[in-house]
Amino acid sequence: MSRLAPTPGQTVGPFFGYALPFASGGELVRAGHPRAIRLHGTVFDGAGETVPDALIELWQADENGVVAQVEGSRARDGWTFTGFGRVPVDGTGHYCFTTLRPGATEPGRAPFFAITVFARGLLHRLFTRAYLPLDERAASADPLLSTLPEDRRATLVTRADEHGFVFDIHLQGPDETIFLDYGDR
């Protein structure tokens, strides 16, 4: 049998606007939950223009740092925290999740949201993290953040606003968000 050379991956979208979003995908907890927070932001391309057709996934630990191991993470019963959400951005590139503050998964690690970005023109999904605002001591103790230059760490840290926390995602350019490589996907 002859061996075929690998070919490039296919770009994602715009099909995912039909196939992947699901009801209440951005509600990891109900908006009325007493400890609900809002994580939201905008996706930008390399020219600083908004990306109107991206899809954002959020994965996170609960408030105690426990990663949910619940079957049916898309199922929303209003009470079970599954730690997973998926939303399309709106026409202005904005996304929003209603969730809980994540707890640290291990001592010495800063709490974070794991973010996956799907968008047209991307051959593979992109992985990043969104950390809640933290001080220099916590950033220096975190295994990932401590390896980054201080000026680049800011691309992974949310900022507080009156609605919760903002995490803008820059796909390229001078403010490009740091993206992570987990090897073979």
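Two strands are taken to pair if DSSP finds at least two bridges between them. Helices (H or I, at least four residues) and strands (E, at least two) are DSSP runs, numbered from the N terminus.

The model on display is predicted: local features need pLDDT of at least 70, side-chain atom pairs count only at pLDDT 80 or more, and totals for chains, interfaces and linings use all residues. Residues are numbered from 1 along each chain as its sequence is written, and side-chain values use heavy atoms, with hydrogens and water left out.

Begin with the whole protein, coloured by secondary structure. Three helices and nine strands are present, and along the sequence they follow the pattern α-β-β-β-β-β-β-α-α-β-β-β.

Next, select the open sheet that four strands form in the order β3-β2-β5-β6, with antiparallel pairing. Its edge strands, β3 (84-88) and β6 (126-131), each pair on one side only. From one strand to the next, the twist averages 25 degrees; axes are lines fitted to C-alpha atoms, and angles run from 0 to 180 degrees between N-to-C directions.

Within this sheet, select residues 112-118, which are strand β5; six bridges join β5 to β6, and the two run antiparallel. Then pick Thr116, which stands opposite Phe127 in β6.

Finally, return to the whole protein and display its surface. The accessible surface comes to about 10,500 Å², 53% of which belongs to carbon and sulfur atoms (Shrake-Rupley method, 1.4 Å probe). Of the 185 residues, 42% are buried, meaning under 20% relative accessible area (1.4 Å probe, protein chains only). Among contacts (heavy atoms within 4.5 Å) with a separation of 6 or more, 69% involve residues 24 or more positions apart.

How values were computed. Buried < 20%, exposed > 50% of the residue type's maximum accessible area, 1.4 Å probe, protein only.
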